[in-house]
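Here's a quick briefing to read alongside the coordinates.

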Amino acid sequence: MSFESPWALAGLLLFWPFWRWLKQQQPQLWPVGGLQPFQASKVQAARQKALRPPAFWWLLAAYGLACLSLSQPRLGHPSPLLVVDHSRSVQESGLEPPRGFAEVRLIGDWQQAVGQKALLAALEEVSPGRPVVVWTDQPPPTHLPAWVEWRNQDFAGSDVGGRILDALPREDGRWVVSWMLAPGQQARIRQGDWQSVMLQGGAGLLEVEVGKLPAVLEMIQNEGARMDQWSLPSVEFVLPPQASSAWCAALQALWPTASCRLGQQAQDAEVLQIWWNGKAVPLPQEWLSLNWVPAPSEEQLQTLFAPWHAWFRAKYPPLPPQEAWPGQDQADASFLPRQGAPPNTLPLARIIWALSLICAGVGWWLLPQRQKNHDYSSAV
Amino acid sequence: MNLFPAEFFAELARHSVRRSHDEGWQVCRHPEFTTLGYELRAWQRGDTRRQVNWRATARSRQVMVRQPEREVGGQLWLLLDRSASLAPQNLDRDIAQRRLALALAWLALEQGASLQILAGEQCLQVEGWSQRDAVRLFLQQLPLPAGRVAFALPSTPLRAGTRLHVLSDPWFCEETWRRDGLLAGRWTQRLWTCLCLPQEHRPPQEPLLVQDVETGQKLNVDLSDTSDFARDWQQFRKAHVLAMQQLGFHYQSLDCLAAAKDAAGILQRAAFHHVL
């Protein structure tokens, strides 16, 4: 037997109310000045054992069964494992993985591309017979066994034949866009009213000047259907109070979507701050030693670019072709075992929960009634 | 907990002959009647309208009040049962006994009586109102109830007109009292005040392991069926009362409530039942 929520068994440690009831069932020590009035109420020691009512055991059984039911036991059939492709392409899609799985394993991250081989390597570590669901934008490998469910249908629309892999600003204000198109595909890069020349299938670089306009690049087909979109994250620069608007202009030239302001002494630290999509991020180390004079020279303004370029590259690496183009490395899953576990159809947790309710009902019905206290003070 | 709080003395003052213990009022001594009556005196601040005697007031042209007479002079022996049965579960009865003892002692002293207090192995003899604080100190320093009933009798013979007042609990053992020879004395008045705890009238109606705090014996009982215990408790108490009456005691029973809030209440109940 296995448990989907074994933590629920810890509820058995909350045995204290029953322990207290058990202690209460033992006779209470009652000091008195004499035993004469109690002689007629004397009971034999053996009778004490019957003082624990049957209701105690029924309610105790109900409590134990309820804890067992909450732990969701399964007879011999382990719960399915969800393997989630956590690469950049999947995260950028905005789609949520399916829910309801007790165990989820994430493969890859924003900067690490995930292909079919990486996913199959994760399946190798799964215990034999355990059902697995793989959620990814990669197409299924060949010879996939029956116990692996490959879900990439949610990403069916992603394979449209073209991707914008990267867009990077240059020091002279122009942008370099790298792109990929499937063989035989044609597309253009569009930004606002500007369109590039027709791009043919393959991979390449395109130099564009997006100037000061919001940098949202689109890859569109001849008919105008959009194949891909790429946009800059929002950035806010907070400069030290002694800096000037010249610095702000230079930074906005680097980043068209950037906003810039001078910090207030009381609210902001003297050092530069960068807010990336609303979150404060570490700064390029070279910027920390800059002298933010009110009237910078051209040479001083140009020192901004190189550290920023390197910093941005590390923060926002180009989209790997593997991520941009799922299925490039078609893998073979024939090495995985063929035999899987039959599905578990027995609702064991519900059955146990029903038994718990029955025991609780019986125990409640058998609870002894309390008698009113009588007052014998009127005897004398 | 304060054994003798302010409300205790305030209530005691209401039952005192002196309106204020610091004032030098004369105590009216009763004539040579064998039964207690009442006496008349001028109205003082604190007297109630019910105490006013209108006939005497009309005769004397000043407001006169009637006040019950008290025994004055003579000797009072206060016997305090300090056995373990006095405080089987808590000290409520012990505290009530001390408070009642102080009230009886002070009222006797201001009436001009001499006082002998026997509390287990402890003994105190005082005379005169000026020694009332010695009584309070004696009662405050009494050890907790323990052991069985035992008294250290003084060697002085009884004076004529000696009154005996026993403050005890329902767990009376006649043999013990007879053994100590206290009951054979020539007393002009014998009073027995039995202090009872509410839980002795109303024990829990469930299986109990009752233990005699003096002998240590234990007994398994089941009070779920109340009829047996109710009958036996009534018989036990009646036997107790009958035994006291046969020994010539005027018997009275007082309930002891929670000591923290009953400093004045014990005196009120004692006055109501004519214990004070």
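Let's start with helix α3 of chain B, residues 92-110, in what is a predicted model. This helix has 19 residues and runs 27 Å from its first C-alpha to its last, close to the 27 Å expected at 1.5 Å a residue.

**Helix α3 of chain B**
- Of the 19 residues in α3(B), 19 are buried, so the helix is largely enclosed by the rest of the structure.
- Just past the end of α3(B), G112(B) adopts a positive phi of about 95°.

**The disulfide**
- Counting over all chains, the structure holds one disulfide.
- That bond ties C248(A) to C260(A), with the sulfurs 2.4 Å apart.
- The link between C248(A) and C260(A) is left-handed, at -65° about the S-S bond.
- C248(A) sits in helix α5 (residues 245-254) of chain A, while C260(A) belongs to strand β15 (residues 258-262) of chain A, and the two cysteines are 12 residues apart.
- Are C248(A) and C260(A) buried or exposed? Both are buried.

**Cysteines of chain B**
- C256(B) takes part in no disulfide, and its nearest cysteine sulfur, that of C196(B), is 7.3 Å away.
- With a relative accessible area of 1%, C256(B) is buried.
- C123(B), by contrast, is partly exposed, with a relative accessible area of 37%.

**Chain A as a whole**
- Chain A has 10 helices and 17 strands.
- Of the 380 residues in chain A, buried ones make up 40%.
- If you take the contacts in chain A with a separation of 6 or more, 65% of them are between residues 24 or more positions apart.

**Confidence in chain A**
- Mean pLDDT for chain A is 75, and 77% of its residues reach 70 or more.
- Residues 46-51 of chain A stay under 50 in pLDDT, and the model gives this stretch five contacts beyond four places in sequence.
- Residues 370-380 of chain A also stay under 50, and here the model has 25 contacts beyond four places in sequence.

Key
Residues are numbered from 1 along each chain as its sequence is written. Chains are lettered from A and ligands numbered from 1 in the order in which they are written. This is a predicted model: local features need pLDDT of at least 70, side-chain atom pairs count only at pLDDT 80 or more; totals for chains, interfaces and linings use all residues. Side-chain values use heavy atoms; hydrogens and water are left out. Helices (H or I, at least four residues) and strands (E, at least two) are DSSP runs, numbered from the N terminus. The expected span of a helix is 1.5 Å times one less than its number of residues. Buried means under 20% relative accessible area, exposed over 50%, partly exposed in between (1.4 Å probe, protein chains only). pLDDT is the predictor's confidence in each residue, from 0 to 100. Contact means heavy atoms within 4.5 Å. A disulfide is a pair of cysteine sulfur atoms within 2.5 Å.
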